[in-house]
Amino acid sequence: ANDDTHVVGVGGGVAGAGKVGVGAALDTAVLVKTVKAFIADDADGLNVASVKAGKSVNVEATSTENLVSGTLGFGGGGSVGVGGAVGVIVAKNDVQARIGKSASLDSDGNVKVNAEDDITAVLVSGGAAGGGNTGVGGSLGVATLLGSTKATIGDNAKVNARGNRDAATVYTGETVFSDTNTKPTSFLANKTEAAKGLSVTAYNRESLITTVASGAGGGTAGV
């Protein structure tokens with residue numbers, strides 16, 4: 001199971017007046033999603049999930065989110081100018097790969113149970129103001145990243161992985177700066193290795209970039 005999400009939000013507000021000008025901008029992105037890959041649980045003991053495979057079996061749930069928010073607010077007035085911008089990103093994901101309770105899985109190759117979630121969030125907010133007497137500019141960027149990434153095998157499940165096929169690529173749990181044996185091949189990636197048999201792995205990476213700037217000018221005061 002795989003889901004890729006790309007969200008780009010842009011907000012802007014500009015105001016000008018002979019006396020008082022107030023410009024404000026707000027952009028909010030809220031993302032809630034569930035990605036699951038599983039062999040079902042046996043709920044009553046009568047319907048046991050059974051899988052027999054001559055090759056390898058992959059139970060994988062992967063999710064990718066790229067979230068971008070940009071806001072700009074400007075206010076100008078002959079006496080007072082107020083400008084403000086706020087960007088908000090909220091992401092809550094549930095990513096699961098699972099072999100269910102009491103399930104039976106027999107593979108002549110490898111069995112890979114893997115869950116991964118890769119989130120990149122970028123917030124840019126700017127507020128500017130100018131007034132003959134007073135200028136007030138402010139900006140704020142808020143990112144909240146929640147959720148869980150799990151790879152599990154349920155109680156009483158029977159898994160037989162003979163490993164008689166090419167090795168699978170699995171995560172080692174080690175973080176590296178950059179290497180050809182990483183996924184993804186970028187800064188602070190999770191190192192991988194080749195393995196045979198049964199592997200149960202979960203991988204989560206969150207990359208957050210925030211840029212916030214504000215400026216104000218006034219004949220008497222600038223804040």
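Let me begin with a term we will need: a residue is called buried when its relative accessible area is under 20%, exposed when that value is over 50%, and partly exposed in between. What we are looking at is a predicted model, in which the protein chain has a mean pLDDT of 86, with 94% of its residues reaching 70 or more. That confidence is lowest in strand β11, residues 182–183, where the mean is 51, and highest in strand β9, residues 158–161, where it is 94.

Now to the strands. Strand β2, residues 20–39, pairs in the parallel sense with strand β5, residues 80–99, over 20 bridges, and within that pairing Val20 stands opposite Val80. Strand β5 also pairs with strand β8, residues 134–153, again in the parallel sense and over 20 bridges, with Val88 standing opposite Val142.

Next, the charged residues. In general, side chains of opposite charge can pair when their charged atoms come close, and a search of the whole structure finds seven salt bridges. In one of them, Lys33 meets Glu65, with the closest N and O atoms 2.9 Å apart, and this pair links distant parts of the chain, since Lys33 is in strand β2 and Glu65 is in strand β4, residues 57–77, which places them 32 residues apart. Are these two partners buried or exposed? Glu65 counts as buried because its relative accessibility is 0%, and Lys33, at 10%, is buried as well.

A second salt bridge joins the side chains of Asp106 and Arg162, at 2.9 Å from N to O. Asp106 lies in strand β6 and Arg162 in the loop between β9 and β10, so this pair ties together parts that are 56 residues apart in sequence. Here Asp106 is partly exposed, with a relative accessible area of 22%, and Arg162 is partly exposed at 41%.

Asp118 is buried at 14% relative accessibility, and Arg205 is buried with a relative accessible area of 14%.

Finally, consider Asp117, which lies in strand β7, residues 111–131.

Definitions and conventions. Residues are numbered from 1 along each chain as its sequence is written. This is a predicted model: local features need pLDDT of at least 70, side-chain atom pairs count only at pLDDT 80 or more; totals for chains, interfaces and linings use all residues. Side-chain values use heavy atoms; hydrogens and water are left out. Helices (H or I, at least four residues) and strands (E, at least two) are DSSP runs, numbered from the N terminus. pLDDT is the predictor's confidence in each residue, from 0 to 100. Two strands pair if DSSP finds at least two bridges between them. A salt bridge is a side-chain nitrogen of Lys or Arg within 4 Å of a carboxyl oxygen of Asp or Glu. Buried means under 20% relative accessible area, exposed over 50%, partly exposed in between (1.4 Å probe, protein chains only).
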